[in-house]
Every structure is written in C-alpha cells, then in structure tokens.
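The account begins with the confidence of the model and then turns to the fold and some single residues.

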Amino acid sequence: MAATRALLHPISGLSTLPRWGAHSRLEGVERGVWRRFVHDTGIRISNSLSGKKDPLIIPSQTHIIQWYTCGPTVYDSAHLGHARSYTQVDILQRILQFLGYSVDHVMGVTDIDDKIVKRASELQVTSQDLARKYELEFFEDMATLGVKPPSRVGRVTEHLPKIFEFIKGIMEKGLAYVAPDGSVYFDSVAFGDRKDKLNPHNHSPDMQ
C-alpha cells in the first residue's frame, strides 16, 4: 500500500490525483497526464450522490484495493435483497481480480441492535447466540450462491468503545440528540443544507 500512498502526493504540478470514480475531476485536465498515473478499469458504477454512472479509476501503481461493504444485521435469515447486493459486489471484485488486483474486502456485520435484542427475547436466547446463528447462516447462503467470503469481518460488538467515542464526538459538535428512550439520533436539521446532498431528489442541476 506504500505505493498507493505515495501517489497521493502532488505530482507534475497537480494538486491531487482524482478520487476513484470522480470523473468530473478528469474533465478540463490534460488526460494524457492523468493516464500516466491512473488506470480506468472500464467499469462504470452508479454514484448515489450524483445519480451518474462514473468510471472506476484506480491509481496505476496500486495492486491492493481496500474495499468496505456494509454487511447484514443478523437477526433473521438472509433474503433476496441480500443475494442481489452481495452478488453484485462479488462480480465487481472478480472483475478487478481478473484485471490483476488483489482485493482486501472488509465486511461490517451488525450483531447487536434493537431488532436483535427483541428477537432474542422472543426466542429466549442470548443476543450473542442469535447473532452468531444468523451470521453463520448468512455466509452459508452466500457460499451457496458462489459469493466469495470477505477477507475480514468486523462486528459491531468488537468495536463498541470506538463507536461510543464517535457518537460522543458527533454530540459534542451539536449534530446529534438524545431521544426520550435514550437513543441517539443524527440531527439532520443541525447539519444544514449539506444534508440535501444525500437526497437523490435534491441534486443541483450541475450534478445531473
């Protein structure tokens, strides 16, 4: 990964290399210069922020791609939506591997939340036992579909102190509030107009 980090420094008078898929950064720039440092994989992916299909562009000296996937909340069996999502990810990663890249795929698994606690109580089992049962079932189902397992799995319960610290930081910035039941919610109003960027129906004309 050292080569990747080195490429992020200013080169040939250019402030930064383009972000992956940031096609707009290539416009108005001498493409011959960029081609020396980036590789267009030929893959086009949907950008949920802009609503466009952008090219997946990778720094030319990168050999390992770090990939994060939001995994399941393991309170019940996997469904068709899971199959569609993770099959798509698997296809993209296989194409990248065919092109010669290694993919370091980390999947986050939500193994504790209100749904898990409620379901565990209904079944009279521990939240941990319930989560492990459905996590194992999920990966078995994905294997049946031919989906490769991730390189690593990160579970919420393994990172609770860092999550609490992160939430505390958001609250200190005034961007979250505590509900009557003790839950903490992101305050979209406090975030201001910036929240509109996350709404695909509110894109400005220049983002279409």
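Over residues 204-208 pLDDT stays under 50, and the model has five contacts beyond four places in sequence for this stretch. The model is a predicted one. Another stretch with pLDDT under 50 covers residues 1-30, for which there are 43 contacts beyond four places in sequence. Where pLDDT is low, the predicted coordinates should not be read in detail. For the protein chain, the mean pLDDT is 80, and 75% of the residues reach 70 or more. Confidence is lowest in helix 1 (residues 2-7), with a mean of 31. Helix 5 has the highest confidence, at 97.

## Overall make-up

The protein chain holds seven helices and seven strands. Read from the N terminus, the order of these elements is α-α-β-β-β-α-β-α-α-β-α-β-β-α. Of the 208 residues in the protein chain, 28% are buried. The protein chain exposes about 13900 Å², and carbon and sulfur atoms supply 56% of that area. Among contacts between residues at least 6 apart in sequence, 58% join residues at least 24 apart.

Three strands form an open sheet in the order 3-4-5, and their pairing is parallel. At the edges are strand 3 (64-73) and strand 5 (152-155), each of which pairs on one side only. From one strand to the next, the twist averages 25°.

Strand 3 pairs with strand 4 (residues 102-110) in the parallel sense, over eight bridges. Tyr68 has Val106, in strand 4, as its bridge partner.

Two helices are described against these strands. Helix 3 (residues 80-98) lies across strand 3 and strand 4 and runs at about 170° to strand 3. Helix 5 (residues 127-144) packs on the sheet and touches strand 3, strand 4 and strand 5. The direction of helix 5 makes about 150° with that of strand 5.

## The hairpin

Strand 1 (residues 38-46) and strand 2 (residues 53-59) pair in the antiparallel sense over six bridges. In this pairing, His39 has Ile58 of strand 2 as its bridge partner. The two strands form a hairpin, with six residues between strand 1 and strand 2. Gly51 lies in the turn and has a positive phi of about 80°.

## Aromatic pairs

How many aromatic pairs are there? The count comes to three. A pair of aromatic rings is described by the distance of the centres and the angle of the planes. The table gives these values for two pairs.

| Pair | Centre to centre | Angle between planes | Arrangement |
|---|---|---|---|
| Tyr86 and Phe138 | 5.4 Å | 80° | edge-to-face |
| Phe138 and Phe139 | 5.1 Å | 70° | edge-to-face |

Tyr86 is in helix 3 and Phe138 is in helix 5, so their pair ties together parts that lie 52 residues apart in sequence. Are these two residues buried or exposed? Tyr86 has a relative accessibility of 8% and therefore counts as buried. Phe138 also counts as buried, because its relative accessibility is 3%. Tyr86, Phe138 and Phe139 form one aromatic cluster.

Val117 is a residue of helix 4. With a relative accessible area of 42%, Val117 is partly exposed. When residues up to four places away in sequence are not counted, Val117 touches Ile112 and Ser127. Val117 and Ala131 are 14 residues apart along the chain, and their C-alpha atoms are separated by 9.5 Å.

Where is Gln124 placed? Gln124 is in the loop between helix 4 (114-123) and helix 5. Most residues other than glycine have a negative phi. Gln124 is a residue other than glycine, yet its phi is positive, near 60°. Gln124 counts as exposed because its relative accessibility is 74%.

Methods
Residues numbered from 1 in each chain as written. Predicted model: local features only at pLDDT ≥ 70, side-chain atom pairs only at ≥ 80, totals over all residues. Heavy atoms only, no water. Pairing = 2+ DSSP bridges. Helix = DSSP H or I, 4+ residues; strand = E, 2+ residues; numbered from the N terminus. Axes fitted to C-alpha atoms, helices over the stretch in contact; angles between N-to-C directions. Contact = heavy atoms within 4.5 Å. pLDDT = per-residue confidence, 0-100. Buried < 20%, exposed > 50% of the residue type's maximum accessible area, 1.4 Å probe, protein only. Areas by Shrake-Rupley, 256 points an atom, 1.4 Å probe, with all protein chains shown as cover. Phe/Tyr/Trp six-rings, centres within 6.5 Å; stacked < 30°, edge-to-face > 60°.
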